[in-house]
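I opened the model to see how the chain is put together. My notes follow in the order I looked things up.

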Amino acid sequence: MKTSVLGTLGASALLAISVSACGGTAGPPAAESSSAPPATAQTSAAAPAPTAPPTPIPTPTAKVYTSGELAAIVGQVRDDADRRLSVLPSGDIAAAVEQTKAMISSIEVEPAECRELAAASTVPSVEDATMAIGMSTDSATGAMAALSLVAGLDQGVLAQVSDPTEQLAKCSSMTMTASGINVAVTITPVEGASGLPGAVAYRTDTSLPDGSTQSMVRAQVVHHGMLITSVAAGGESGTDAVRRAGALLDSAAAQVK
């Protein structure tokens, strides 16, 4: 049963990454052209010497991590009850990836562009990178949390993750259909989850046919070239879930040097 829960939370963390990181990227800016007139034989003044282009500043290379190194970092992170996270075995992560892909492929989404968002290539990109997932559960309060670290992602993916505002706005209200059952999903940005530069957090509320609502808070940040995503659900309140997701994100970032 534990493996099943771990796999489900792992898939949820992966799904959070895929939904928030798959939007289109802006095209490169158009190159500037020079319209300086050519020098002629009648021009007495000497043409100015060409200015050397500025030396490009090299982009820092992100540290390369093995999955074992990432798992060791996750194993050092503690939840809000000061318990170390349970690290998902690598085999279960692979199963979570497949589960996530199956979840995405079996769901119809409206608006259609949000279906394309969820079905984009982020999950395969995660497979090409190194990853570790940890989780914690509290049977007394029903609180659950998951943390994922992903290293080696393409810079284009990291750029999309850094600013998902446009994607989240487009898909703030969706209808998902699976096995003939329709559920309404809303996504709401939340503030104050984390003080990390560039951190983003949002709440996903899923209205089920029985009238109940399932809520989950997701926070994410690109830190030293690594994508860190935390997921929190259950517990005392929505505010509590925001706090727990942010604390988990901050705790993980503190372990990444």
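I began with burial. Buried residues make up 40% of the 257 residues in the protein chain. The model is a predicted one. I then counted elements and found 8 helices and 9 strands in the chain. Next I checked contact range. Among contacts between residues at least 6 apart in sequence, 63% join residues at least 24 apart.

**Sheet**

I traced the strand order. The 9 strands form an open sheet, in the order E1-E3-E4-E9-E8-E7-E6-E5-E2, and the pairing is antiparallel. Strand E1 (86–87) and strand E2 (108–110) each have a single partner strand, so each stands at an edge with one side left without a neighbour in the sheet.

E2 pairs with strand E5 (residues 173–178) over 3 bridges, in the antiparallel sense. Here Glu-108 stands opposite Thr-177 in E5. E5 in turn pairs with strand E6 (residues 181–189), antiparallel, over 6 bridges. In that pair, Met-176 stands opposite Val-183 in E6.

Thr-204 has Met-216 in E8 as its bridge partner. I then looked for what lies on the sheet. Helix H8 packs on the sheet and touches E4, E8 and E9, with a direction about 155° from that of E9.

**Helix H8**

I tested the length of this helix. H8 (residues 238–255) has 18 residues, which at 1.5 Å a residue should span 26 Å. The end C-alpha atoms are 26 Å apart, so the two values agree.

Which residues of H8 are buried? I listed Asp-240, Ala-241, Val-242, Arg-244, Ala-245, Gly-246, Leu-248, Leu-249, Ala-252 and Ala-253. These buried residues pack against strand E4 (143–151), strand E8 (213–223) and strand E9 (226–233).

I then looked at its surroundings. The side chain of Asp-240 makes a polar contact with the side chain of Arg-243, at 2.6 Å. Leaving aside neighbours within four places in sequence, Asp-240 is in contact with Gly-234 and Gly-235.

**Core**

I finished with the nonpolar core. In soluble globular proteins, nonpolar side chains tend to be buried together. In this model, the largest nonpolar core has 29 residues. Those with the most contacts inside this core are Tyr-65, Leu-70, Leu-147, Leu-149, Met-226 and Ile-228. Helix H2 (67–76), E4, E8, E9 and H8 each supply at least two residues of the core. Which element gives the largest share? I found that H8 does, with 7 residues.

Terms used:
Residues numbered from 1 in each chain as written. Predicted model: local features only at pLDDT ≥ 70, side-chain atom pairs only at ≥ 80, totals over all residues. Heavy atoms only, no water. Helix = DSSP H or I, 4+ residues; strand = E, 2+ residues; numbered from the N terminus. Expected span 1.5 Å × (residues − 1). Buried < 20%, exposed > 50% of the residue type's maximum accessible area, 1.4 Å probe, protein only. Contact = heavy atoms within 4.5 Å. Pairing = 2+ DSSP bridges. Axes fitted to C-alpha atoms, helices over the stretch in contact; angles between N-to-C directions. Core = buried A, V, L, I, M, F, W, Y, C linked by side-chain atoms within 4.5 Å. Polar contact = N/O pair within 3.5 Å; in protein donor to acceptor, adjacent residues only side chain to side chain.
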